[in-house]
Amino acid sequence: MRVVKVMNNSLLLALDDSGREVILMGKGIGFNKSIGHHLKSEDIEKVFVLKDRSISKNIIRLASEIDSTYFELAKQVIDYAIDTYGMVLMEHIYLGLTDHLSFAVKRNNEGILIQNFYTQTLKRFNPKEFQVGLYALQLVRERLSVELPEDEAGNIAFHFINAQTNNLNSTDNQKIFETVKGILDIVKYNFSILYDEDGIGYTRFVTHLRLFAQRLVNGGQDLYDYEDSFYTYVLESCPREYECVKKIGVFIREKFESKLSKQEEMYLAVHIHRILEEYAQRKKT
């Protein structure tokens, strides 16, 4: 393996022995490395062959925006899930979990706490995934001295539920795809925008929609009318986004005979707000 580019201490872009571009992951793998350096196989913990361009592009983009510590944390949590519970996971979890951990710590440091109403349900019906979430919280506490609330273990568990290749059948996958696409179309046509599919805001939005759609397909969408000061703040600050969320609510009601919880309304409004911010920024450049 020969180094092409050092992205951070945990990620390298390299050429393998066949001349293919690959992304290499390993703790400290990028430290003191330069272009052309030949790597030893024992230094490499994970290889991403660049056949899935969307995953590789977003890993490269995240590497420029997120501290390498979060890549290492995500890798350690994923290894724990595989080694302890034998989970077979799709590769997109490396991207989604890294981004989630970084964003969760950022929210916590800013004093923004979002309650997860599915925590007790996850403990009961998905104990393995929830335990993985608790392990992630333990690592964050040990490595970063940040105490994330237990609800965050539930949010992390959703990533592992969604990423397991043996969790979904083809019919469920089709329903999830249709739901995600339907919501993306509502937002796109409501605001007359074009998505930047390589953008972090779009990636986060799609990841959230996949998790949300899977809960709907599996009948796990509980209904709560819980409102707090942050919910009120989001809705008052994002009136355009909330009007769009109402249209999404109609779509969900017609498709699943269910309605959006207050928590989900808030999440969707925040993600749509970020999408609009990214779009406005692109138009300026």
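Asn8 stands opposite Leu11 of strand β2, and Arg2 stands opposite Leu15 of β2. The model is predicted, with local features needing pLDDT of at least 70 and side-chain atom pairs counting only at pLDDT 80 or more, while totals for chains, interfaces and linings use all residues. Residues are numbered from 1 along each chain as its sequence is written, and side-chain values use heavy atoms, with hydrogens and water left out. Helices (H or I, at least four residues) and strands (E, at least two) are DSSP runs, numbered from the N terminus.

**Sheet**

- Strand β1 (residues 2–8) pairs with strand β2 (residues 11–15) in the antiparallel sense over five bridges; two strands pair if DSSP finds at least two bridges between them.
- Two residues lie between β1 and β2 in the hairpin that they form.
- The order in the open sheet of four strands is β1-β2-β3-β4, and the pairing is antiparallel.
- β1 and β4 (46–49) are at the edges with a single partner strand each, so one side of each has no neighbour in the sheet.
- On average, neighbouring strands of this sheet are turned by 25° against each other, direction ignored.

**Helices α2 and α3**

- Helix α2 (residues 68–85) packs on helix α3 (residues 92–109) at an angle of about 120°, and their axes are 9 Å apart. Axes are lines fitted to C-alpha atoms, for helices over the stretch in contact, and angles run from 0 to 180 degrees between N-to-C directions.
- α2 and α3 are therefore oblique to each other; angles under 35 degrees count as roughly parallel, over 145 as roughly antiparallel, 65 to 115 as roughly perpendicular and the rest as oblique.
- The crossing of α2 and α3 is right-handed, a term used if the near helix is turned clockwise from the far one by less than a right angle, with anticlockwise giving left-handed.
- In the contact (heavy atoms within 4.5 Å), the α2 residues include Tyr70, Phe71 and Leu73, and those of α3 include Ile93, Tyr94 and Leu97.
- By class, the contact of α2 with α3 has 11 nonpolar, two polar and one charged residue. Ala, Val, Leu, Ile, Met, Phe, Trp, Tyr, Cys and Pro count as nonpolar, Asp, Glu, Lys and Arg as charged, and the others, Gly among them, as polar.

**Helices α3 and α6**

- α3 and helix α6 (residues 151–163) cross at roughly 170°, their axes coming within 10 Å.
- α3 and α6 are therefore roughly antiparallel to each other.
- Among the residues in this contact are His92, Ile93 and Gly96 of α3 and Glu152, Asn155 and Ile156 of α6.
- The contact of α3 with α6 divides into seven nonpolar, six polar and two charged residues.

**Helix α8 and its partners**

- The axes of α8 and helix α11 (residues 262–284) are 9 Å apart, and the two helices pack at an angle of about 155°.
- α8 and α11 are therefore roughly antiparallel to each other, and their crossing is left-handed.
- Residues of α8 in the contact include Arg204, Phe205 and His208, and those of α11 include Glu264, Tyr267 and Leu268.
- The contact of α8 with α11 has nine nonpolar, three polar and four charged residues.
- Arg204 also forms a salt bridge with Asp99, with the closest N and O atoms 2.8 Å apart.
- Arg204 lies in helix α8 (residues 200–217) and Asp99 in helix α3, so the pair ties together parts 105 residues apart in sequence.
- The count comes to 15 salt bridges, each a side-chain nitrogen of Lys or Arg within 4 Å of a carboxyl oxygen of Asp or Glu.
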